[in-house]
Amino acid sequence: MTAQGIEELRLTAFKSFRDQVLPLAPLTTLIGRNSSGKSNALDGLEVLSRLARGEDIAEALESRRGPEGAVRGGLAGCVPHGSDRFSLGCSVRTKRGPISLDLTVQVEPEVQIIEERLTGPTRKGLQHDVLVSGEANTHVGDLWATWHNGKKGRDPNVRFRGSRLLTSQLPLRVTPETEGGKDSVWCAETMIATLEGVFHLDPVPHLMRQYVPSRDSNLRRTAENLSAAVGNIERTNDPLFRRLVELLRGLADHEIETLAVTRSELGDVMIALNEGPLGLTPAREMSDGMLRFLAITTSLLTGGRGLDLGPTNAEQDERSLMLVVEELENGLHPSQASEVLGLVRQAAAENSTQVLITTHSPALLSALDAADHDGVVVCWRDSDTGTSRLARLTELDGYPAAMAAGSLGEVVTQGRLDTRPRPERDYSEFDRLLGIG
């Protein structure tokens with residue numbers, strides 16, 4: 001496991017989820033049928049990440065002015081049917097111990113936090129409530145909350161803006177004078193920095209086919225500035241650039257000499273494939289799959305150093321990265337699944353990057369080894385309630401028997417996964433195959 005990262009996402013009452021937990025590993029693979037709720041789970045992570053930046057809730061989740069656009073469904077779409085609020089939470093792993101954040105956001109009649117709790121470790125290793133909100137006043141919009149200052153007696157009360165995440169306001173609203181108070185501010189800052197490090201990569205190939213300013217080199221969510229990001233790697237990190245070209249050669253079924261960065265008369269840049277006798281193929285003529293592969297590979301190789309994660313007060317080494325990619329296999333040939341997966345594993349190991357992917361690809365699922373299965377989470381709809389459910393693959397009833405009968409890709413394709421968690425693991429089928437007992 002990485003030194004710091006998100007251990008779990010709690011979908012307490014969010015969209016199609018009720019009281020569900022998404023465990024997060026260095027590599028988490030979320031699988032399930034269409035409309036099972038996979039995208040809703042990723043939206044929960046996206047909401048927490050946006051709120052961590054300290055913007056007003058409505059602006060953070062509904063604004064269409066920024067490159068991210070509104071969260072899917074906007075504010076109203078975050079609320080479970082029949083309710084006027086949604087609840088989310090997460091736990092972050094740190095060297096000192098876990099930090100947990102849970103909150104409830106009211107959407108109507110006014111958008112505001114109505115409950116929030118931040119819990120984290122002291123320097124002595126003890127867990128303590130760092131920030132606890134009081135009763136919300138929907139007529140005023142502000143919210144009183146206590147924060148832990150480490151002194152004897154009652155913790156002090158502070159008035160916060162109810163329209164923003166309280167945890168994001170804590171370091172700005174208090175001046176800690178004790179070790180306990182410094183611990184509280186550290187917990188808040190660490191939680192914020194970790195959530196700010198969630199990067200949802202959603203490459204849009206047609207946006208990558210234009211010249212872009214060379215200085216715009218931190219890869220954006222849509223990867224529209226891919227050419228500038230690759231150009232920056234070429235200028236500043238030759239070993240990394242050669243690794244990128246090597247991976248690109250493995251993707252193509254024809255000769256690629258190198259990846260060129262062409263420049264316009266104005267100094268803007270566009271990547272191009274140098275295909276030897278065939279000449280240069282600029283980005284505007286490259287396939288969607290090739291461009292998506294380059295965007296994903298660039299983000300994995302550079303880690304948080306090469307991505308547009310937005311402004312932050314955290315130091316670079318304090319900011320962990322979680323890269324989220326939906327349908328990783330889009331545009332890729334099935335034979336390339338294992339190579340892409342190997343790159344994901346490498347990024348998780350070398351760059352302290354958590355990776356969360358969704359996939360429908362049998363080839364990619366079959367490329368997962370037994371160790372990867374601990375990070376596979378299955379999402380499905382409960383037939384009785386219609387709500388979305390989550391469970392680790394290895395905790396499903398019949399998992400050993402299913403895996404003994406074929407690869408994970410085959411099991412999922414043939415619908416042999418039984419989405420019923422079991423209290424105890426049954427390894428009898430594995431034992432039989434190994435001649436044990």
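Two strands are said to pair if DSSP finds at least two bridges between them, and the strands themselves are DSSP runs of E with at least two residues, while helices are runs of H or I with at least four residues, both numbered from the N terminus. The structure above is a predicted model, in which local features need pLDDT of at least 70 and side-chain atom pairs count only at pLDDT 80 or more, whereas totals for chains, interfaces and linings use all residues. Residues are numbered from 1 along each chain as its sequence is written, and side-chain values use heavy atoms, with hydrogens and water left out.

Three strands form an open sheet in the order β11-β12-β13, and their pairing is antiparallel. Its edge strands, each pairing on one side only, are β11 (258–263) and β13 (280–282). From one strand to the next the twist averages 40°. Strand β12, made of residues 269–274, is joined to the antiparallel β13 by three bridges, and alanine 272 has proline 282 in β13 as its bridge partner. Helix α7 (residues 238–251) packs on this sheet and touches β11 and β12, with its direction at about 115° to that of β11. Contact here means heavy atoms within 4.5 Å, and angles run from 0 to 180 degrees between N-to-C directions, with axes being lines fitted to C-alpha atoms, for helices over the stretch in contact.

| Helices | Axes come within | Crossing angle |
|---|---|---|
| α6 (residues 226–236) and α8 (residues 288–302) | 11 Å | roughly 45° |
| α7 and α9 (residues 337–350) | 11 Å | roughly 155° |

Angles under 35 degrees count as roughly parallel, over 145 as roughly antiparallel, 65 to 115 as roughly perpendicular and the rest as oblique. Helices α6 and α8 are therefore oblique to each other, and in their contact Leu226, Ala229, Val230 and Ile233 of α6 meet Leu291, Leu294, Ala295, Thr298 and Thr302 of α8. These contact residues comprise seven nonpolar, two polar and no charged, where Ala, Val, Leu, Ile, Met, Phe, Trp, Tyr, Cys and Pro count as nonpolar, Asp, Glu, Lys and Arg as charged, and the others, Gly among them, as polar.

Helices α7 and α9, by the angle of their axes, are therefore roughly antiparallel to each other. Arg243, Leu247 and Gly250 of α7 make this contact with Glu339, Leu343 and Gln346 of α9, and the residues divide into two nonpolar, two polar and two charged.
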